Structure formats: structure tokens, C-alpha cells
Amino acid sequence: MTKTSLKQRSARAAFTLIEILLAIAMISLLAFMLVTNIEKTMSSGQSSIAKTFVRGSLSTPLMSYKLAIGRYPTTEEGLEALLRAPDEIKDRWNGPYLRDTSVPKDPWGNPYQYRSPAQKSSEGYDLWSNGPDGQSETDDDIGNW
């Protein structure tokens, strides 16, 4: 090989500064898109968890309570009645109706809200999460209605 053809070959094999900068810019753009979409994915995942809990996971313990006692827990008794017998019904209470030692919190760390008799649901009780904003009676509430 001659010196000239060796120079031409090595010049073609190297990246130019513009090519390197374009590659870095594309990687940065992809990383930015990934980070912003992860937040959206995590948020929708938390909402799905809350929906599953209020529409399914607690319905069986509440129904078991109703079958044993003859009614759902009152608003005053709350979901704690699934763990500890209220004084006036200790003789009929067959709990605890939850496996945990405390009532689980929603995905945002707030307590689930409970009301019986129901005002919004046809199930006899209202059960909801206040959603990401943590405030009741807003558009992001997730309930069993």
C-alpha cells in the first residue's frame, strides 16, 4: 500500500466532530424522552393499583364482614372494623377480615376513604382514594362508583 492510499483510508475510518456531536445530541434526546415517559408510566401504574384496590381487593373482606354482621361497617367504624371488632358486635365478628395488621394506604401514602351508607356507589358503601392530589371530591379521586 502506498502512503497516499493509507492516509485516505484512515481519514474515512474516523468520525468527524459533527458526527460525534450529532450522536451525543440524539442520545440526550432519547434519554430525555425516556425520563419524561417513566414519570407518566409510574403515575398511571399508581392509579391502576388504587382502582384495583377500591373496586376489587377490599370487596371480598367487606362482603365477608357483611355476611357475618348483617351490614357493612358504618362510616364511624370505618375500615378498622375489618381488623378489630367494634364493641357492640364482638359476639358476631369473625375477623380479622384483612391479612395485614393495618389498613393499607393508597399508592400516594394516604388512607383510603370509606363511607357507609353509600352516597355514590350502588354497592352499599363508598370506598375511594383521594388520588395524586390527596384531596377529596376532586377530579382525580378513584372510587368504587
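# Close-up views of a predicted protein model

**Figure 1. The exposed pair D87 and K90.** D87 is exposed, and K90 is exposed as well, where exposed means over 50% relative accessible area, buried means under 20% and partly exposed lies in between, all with a 1.4 Å probe and protein chains only. The side chains of D87 and K90 meet in a salt bridge with an N to O distance of 3.5 Å; a salt bridge is here a side-chain nitrogen of Lys or Arg within 4 Å of a carboxyl oxygen of Asp or Glu. By this rule, the count comes to 5 salt bridges. The model is predicted, so that local features need a pLDDT of at least 70 and side-chain atom pairs count only at pLDDT 80 or more, while totals for chains, interfaces and linings use all residues. Residues are numbered from 1 along each chain as its sequence is written, and side-chain values use heavy atoms, with hydrogens and water left out.

**Figure 2. The protein chain as a whole.** The secondary structure comes to 3 helices and 3 strands, which run α-α-α-β-β-β from the N terminus on; helices (H or I, at least four residues) and strands (E, at least two) are DSSP runs, numbered from the N terminus. The chain averages a pLDDT of 83, and 86% of the residues score at least 70, pLDDT being the predictor's confidence in each residue, from 0 to 100. Confidence is lowest in helix 1 (residues 3-13), at a mean of 61, and highest in strand 1 (residues 113-115), at 93. Of the 145 residues, 28% count as buried. The chain exposes about 10,000 Å², of which carbon and sulfur atoms supply 59%; accessible areas come from the Shrake-Rupley method with a 1.4 Å probe, and for residues only the protein chains shown count as cover.

**Figure 3. The salt bridge between R115 and D126.** The side chains of R115 and D126 meet at 3.0 Å, N to O, in a salt bridge. R115 lies in strand 1 and D126 in strand 2, so the pair ties together parts that are 11 residues apart in sequence. R115 counts as buried at 14% relative accessibility, and D126 is buried with a relative accessible area of 0%.

**Figure 4. The salt bridge between K120 and E137.** The side chains of K120 and E137 form a salt bridge of 3.1 Å, N to O. Because K120 lies in the loop between strand 1 and strand 2 and E137 in the loop between strand 2 and strand 3, this pair ties together parts that are 17 residues apart in sequence. K120 counts as partly exposed, at 42% relative accessibility.

Figure 5. S129 counts as buried, at 0% relative accessibility. Not counting residues up to four places away in sequence, S129 touches A50, V54, D106, W108, Y112, D141 and I142, a contact being heavy atoms within 4.5 Å. The side chain of S129 also reaches the backbone nitrogen of G131 at 3.1 Å.

**Figure 6. N144, in the segment after strand 3 (142-143)**. N144 is buried, with a relative accessible area of 8%, and its side chain makes a polar contact of 3.5 Å with the side chain of S121. A polar contact is a pair of N or O atoms within 3.5 Å; within protein, one must be able to donate a hydrogen and the other to accept it, and residues adjacent in sequence count only if both atoms are side-chain atoms. Beyond residues up to four places away in sequence, N144 touches V54, R55, S121, E123, Y125, D126 and L127.

**Figure 7. R71, in the loop between helix 3 and strand 1**. R71 is partly exposed, with a relative accessible area of 27%, and a polar contact of 2.9 Å joins the side chains of R71 and E77. With residues up to four places away in sequence left out, R71 touches Y65, K66, E77, E88 and I89. The C-alpha atoms of R71 and S116 are separated by 9.5 Å, although these residues are 45 residues apart along the chain.

**Figure 8. A nonpolar surface patch that includes I24**. F15, L17, I20, L21 and I24 form this patch, which has about 560 Å² of accessible area together. Patches are made of residues with over 30% relative accessible area and no salt bridge, like charges being joined within 9 Å and nonpolar side chains (Val, Leu, Ile, Met, Phe, Trp, Tyr) within 5 Å. I24 has its place in helix 2 (residues 17-57) and is partly exposed, with a relative accessible area of 49%.
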